[in-house]
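Subject: Structure handover

Hello,

Here is the structure you asked about, with notes on what turned up in it. Please keep it open while you read.

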Amino acid sequence: MPDFTLDEILAHADRRTLAAVVTHLAGDPNAVPDLRDREQIEAKAAEVLPPYLSGAKTPQPPSDEVLQSAMNHAVGAEVPAAYRQLAREQAGVGPVEPPAPLNPPDGFHVLIIGAGVTGVLMARVLNQLGLTDFTVVERNAEPGGTWYVNQYPGCRVDTPSMLYSYSFDPDPDWPEHFSHQPELLRYVKQTAERSGLNDRLRLNTEVERMTWDADTGAWLVDMTDTVTGATEQITAHAVVAAMGILRVPKLPDIPGREAFAGPALHTALWDKSVELAGKRVGVIGTGASANQVVPAVAPVVDSLVVYQRSAHWMMSHPKYGKVLEGIEKALFQVPMYREWHRFSEGWKFGDGVTPMVTVDPSWPHPERSVNAANDRMRAQLTEYLESQVGDRPDLMAKCLPDFPPYGKRLIVDNGWYQALRRPNVRLETSPLVEIDEAGVRTRAGHDDLDVLVYATGFQADKVLWPIQVTGQGGADITARMEAEPEAYLGVAAADAPNLFITPGPNGILGHGGNGMLFAECHVRYIVESLRLLFERGATAMTVKPEVLSAYQEDLLERLPHFVQSLTTFDNWYRGDRDRVIAIAPKSLLEFWNDTRRPDPEAYAFT
Ligand code: NAP
């Protein structure tokens, strides 16, 4: 930190995060008696930090008492003690017990489908634990998953990068607080490379079919090389389907879609050769992808029409769009600052939100919110909207959502409202009627367009599809998933021995956590499941039907209590179905606890 004095750095620190750092490093739960007293926190930090900065002292994992006090300071509220272990592991304050090596039987081969955030992590962990006989297949030409597929202009993460990162590598020198897609792609690819996985990675390879062979206790997997067309069958004793949930682009069912004469791009199927500069562009959709592509292209296009079916709620974040350099970077070199920052952001993007998503049946204003905390959030978001377009009654009226916050995924504003204010941008709320050769017709009129962008999201209810999975006793697992998607803990399907879907139906959360964290939870669960399988000396483990039905019954009973289940609006968590299938009605803590290790009683071993 040669460019800044300690005082300068401390003056720049987040007060709560610094209070947690001071408490931790002082090893004293009472080191910060008044969280509101910034001066005193900085003074205490200036006293405690020097030996850690000079290297004379090394931070030690905190006692439970110190940890508890630091957690409370980091979020400015009493955090239940049940979060301590999560903080130790996820924030990295330690200690963390490394998992013991796995002892697979000779020849036990694992197939990982998908080399995205989860697949790469799965392979890395298996490799580290001594299960080195695995193959990762990836249908794309590069690893990276969602960060390879989504290459539309403006694409970036909307969770802070220090949080949206693997816990073993939270800061690979992120250039921004919320990094752009190329950085994330680089990160995932680099993780694969540094973990020594590339020799077991098969790119341009699509799995077509998997059939459980009870005689050998293995999956027979048919796959195709998408470049040469060559087909091959391999045997895998366990399969991790890490294909991701937002992978099947959804195109809107609007008459005439095929007629459009110009280029038509889905955000997840972007063609960089299509020139947008100086063109008349239409964007259909107003979700997270639109929120990024619209501000990115608005300054270069001739005109832009944004077709909105619903307004979405948007929040601002003080660090969004800010680079991580200078004093901002120096701050993260303060011992334990990054760890406590990760915890406090993790709370804000995690269970800090859970109270806002739970429906209170006695709440008197169901037309606008679902409980008092959700209502306060609505007021804050409305205030933010007013700060952006309050002087434009036309935009104010169009941009105010008519559903409770978190009903659809909350978006971090990427300059959406400012883009809508541009003279060359029009927000069209009249319903779409048809697409024709020249452009788009709404009930209000016709727009001539050169390029049409579909920011219309994904079919999140496609589980395993299009792979034809035939399980135990010939069970058509793919058809079952199409008919009624269900998996124990969002991972294990009935009659599908040694098949781990990550994430499977209701396998992630909608309001808290992030893709990296969900990946770490599922990977841990899968590793511990394999350990159990090996320890039992069994060939296969299959979730017991009665366990899955009890789990599903409970899930279906709890789902309606979450705001995302309300039926007065649409969201991608439901896909085209009448119930939410993508996310689970759980707190992050429950999700994390559920995936710590498998319950041996939940599985039948053969
Ligand atoms: P999305 O949230 O599902 O939004 C799709 C948009 O298209 C919605 O505005 C939807 O309208 C509209 N739409 C769909 N069909 C339509 C039709 N037939 N007619 C008119 N409008 C139609 O999809 P997304 O924006 O791609 O985001 C999906 C998820 O991906 C996000 O919630 C997030 O989890 C993830 N994502 C993350 C990031 C990030 O981290 N930075 C970026 C992009 C995406 P309605 O709202 O009325 O349904």
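How much space lies in the second largest cavity? About 100 Å³. Please bear in mind that this is a predicted model, and that the values below are computed from it.

Cavities

The second largest cavity has a lining of 14 residues, and Gly244, Lys462, Val463, Leu464 and Pro503 are the ones nearest its centre. Sorted by class, that lining comprises nine nonpolar, three polar and two charged residues.

In total, five cavities of 30 Å³ or more are present. The largest cavity holds about 200 Å³ of space. Its lining is made up of 17 residues, with Leu86, Gln90, Gly346, Trp347 and Leu588 nearest the centre. Two or more lining residues come from each of α6 (84–91) and α12 (337–348). The classes in the lining of the largest cavity are ten nonpolar, five polar and two charged.

Strands

Strand β4 (residues 205–213) pairs with strand β5 (residues 218–225) in the antiparallel sense, over eight bridges. Within this pairing, arginine 209 has aspartate 222 in β5 as its bridge partner. The two strands make a hairpin with four residues between them, and glycine 217 in the turn shows a positive phi of about 65°.

β4 also pairs with strand β18 (residues 468–470), this time in the parallel sense and over three bridges. There, methionine 210 stands opposite valine 469 of β18.

Salt bridges

The count of salt bridges is 35. Three of these pairs are described here.

Glutamate 590 and arginine 558 form a salt bridge in which the closest N and O atoms are 2.6 Å apart. Because glutamate 590 belongs to helix α20 (residues 588–594) and arginine 558 to helix α19 (residues 545–558), the pair ties together parts that are 32 residues apart in sequence. Glutamate 590 is partly exposed at 26% relative accessibility, and arginine 558 is partly exposed at 25%.

Lysine 586 bridges to aspartate 594, with 2.7 Å between the closest N and O atoms. Is lysine 586 buried or exposed? Its relative accessibility is 5%, so lysine 586 counts as buried, while aspartate 594 is partly exposed at 24%.

Arginine 36 and aspartate 34 meet through their side chains in a salt bridge of 3.1 Å, N to O. Arginine 36 counts as exposed at 69% relative accessibility, whereas aspartate 34 is partly exposed at 26%.

Regards

Conventions: Residues numbered from 1 in each chain as written. Predicted model: local features only at pLDDT ≥ 70, side-chain atom pairs only at ≥ 80, totals over all residues. Heavy atoms only, no water. Pairing = 2+ DSSP bridges. 1 Å grid on protein atoms, 1.4 Å probe; cavity = no way out; pocket = protein on both sides within 12 Å on 5 of 7 lines; lining within 4 Å. Points joined across faces, edges and corners; volume = space filled by probe spheres on them. Nonpolar A, V, L, I, M, F, W, Y, C, P; charged D, E, K, R; others polar. Salt bridge = Lys/Arg side-chain N within 4 Å of Asp/Glu carboxyl O. Buried < 20%, exposed > 50% of the residue type's maximum accessible area, 1.4 Å probe, protein only.
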